[in-house]
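Please read the report below alongside the sequence and the coordinates.

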Amino acid sequence: MKKILAIVMAVAMVMALSVTAFAATYDVELSLDNLGYYGATESTNVTVVDGGLNSSEEALSVLLPVEVAYGETVTVTIKGSSDGAFRVWLLNGANTDSAIWNSVDAENFSGGDFEFTISLEMNDNDGHGDTVANALMFKGISYGTNLDNFTITSVTLVTDGDEVAAETTDDADATEETSDESSEEVADTSSTETSSTETTTSTNADTGVVLALLPMAVAAAAVVVSKRK
């Protein structure tokens, strides 16, 4: 009986070590209302196509649904097409906040349809003292080159399960206020969706902690039973 309990204890402890808090997943909004740096002031050079965004300008950036804190790593999955190679990184304003991902160096990609999964760490790459990154930048393959018929149709952000800063504020939207009832309804709907997302993220993290404790409780119970035998 004690041998059986010893095996149960060992398995339970291994399970406890393998359980981590759940990661949070976010879909990035691809619209003219969610453009970041190089977007808010140049939206006339960005067009909506097939549910995504297209540009042949110097750069295109989109705001993220959460701010990525210094030292945090996020996994980004991007889907789309391009007639040429391109680069990707995290940013805040005009500052580069992560190492630059290069499609040629990383995937030997120089044109066509693509689906890439990229890991980016917020590290204040430009050294401007940024503590959070709030957008994702797409740019030509080298300085002074433009994007080449670049279309992005899907961007998914996955955090590493640790704390991520509060949701970002869209500065472009903040500068405009409207009293139109339909605009207020849209704002209310957006607020409700954000609240739901935050609740889901919090629940996932709490659930991960609970699952981590359950195997440990089983192991403790097994110890008590073995001592009584």
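The sections that follow take up the basis of the model, the aromatic pairs, the nonpolar cores, the salt bridges and the strand pairing.

## Basis of the model

This is a predicted model, in which local features need pLDDT of at least 70 and side-chain atom pairs count only at pLDDT 80 or more, while totals for chains, interfaces and linings use all residues. Residues are numbered from 1 along each chain as its sequence is written, and side-chain values use heavy atoms, with hydrogens and water left out.

## Aromatic pairs

The structure holds 11 aromatic pairs, where rings of Phe, Tyr and Trp (its six-membered ring) pair if their centres lie within 6.5 Å, and planes under 30 degrees apart count as stacked, over 60 as edge-to-face and the rest as tilted. One of these pairs is formed by W101 and F116, which is tilted, with 5.2 Å from centre to centre and 50 degrees between the planes. Because W101 lies in strand β8 (residues 101-102) and F116 in strand β9 (residues 112-121), the pair ties together parts that are 15 residues apart in sequence; helices (H or I, at least four residues) and strands (E, at least two) are DSSP runs, numbered from the N terminus.

F116 also pairs with F109, the ring centres being 5.4 Å apart and the planes at 80 degrees, so this pair is edge-to-face. Buried means under 20% relative accessible area, exposed over 50% and partly exposed in between (1.4 Å probe, protein chains only). On that scale W101 is buried at 12%, F116 is buried at 9% and F109 is buried at 8%. Ring pairs link F86, W101, F109, F114, F116, F138 and F150 into a cluster.

## Nonpolar cores

A nonpolar core is a set of buried Ala, Val, Leu, Ile, Met, Phe, Trp, Tyr and Cys residues joined through side-chain atoms within 4.5 Å. The largest such core has 33 residues, of which I78, F86, L136 and I152 touch the most other members. Strands β4 (59-69), β5 (73-82), β6 (86-92), β9, β10 (132-140) and β11 (150-159) each supply at least two residues of this core, and β4 gives the most, with five residues. Apart from this core lies another, of six residues, including W89, L91, A135 and M137.

Leaving aside neighbours within four places in sequence, L136 is in contact (heavy atoms within 4.5 Å) with residues among them L60, V62, V76, I78, V88, L120 and V155.

## Salt bridges

Side chains of opposite charge can pair when their charged atoms come close. With a salt bridge defined as a side-chain nitrogen of Lys or Arg within 4 Å of a carboxyl oxygen of Asp or Glu, the count comes to two.

In one, the side chains of K139 and E58 meet at 3.5 Å, N to O, and this pair links distant parts of the chain, with K139 in strand β10 and E58 in the loop between β3 (52-55) and β4, 81 residues apart. K139 is buried at 12% relative accessibility, whereas E58 is partly exposed at 28%. In the other, the closest N and O atoms of K79 and E115 are 4.0 Å apart; K79 is partly exposed at 33%, and E115 is exposed at 52%.

## Pairing around β3

Two strands pair if DSSP finds at least two bridges between them. Strand β2 (residues 46-49) and β3 pair in the antiparallel sense over four bridges, with S55 in β3 as the bridge partner of V46, while β3 and β11 pair in the antiparallel sense over three bridges, with L53 opposite I152 in β11.
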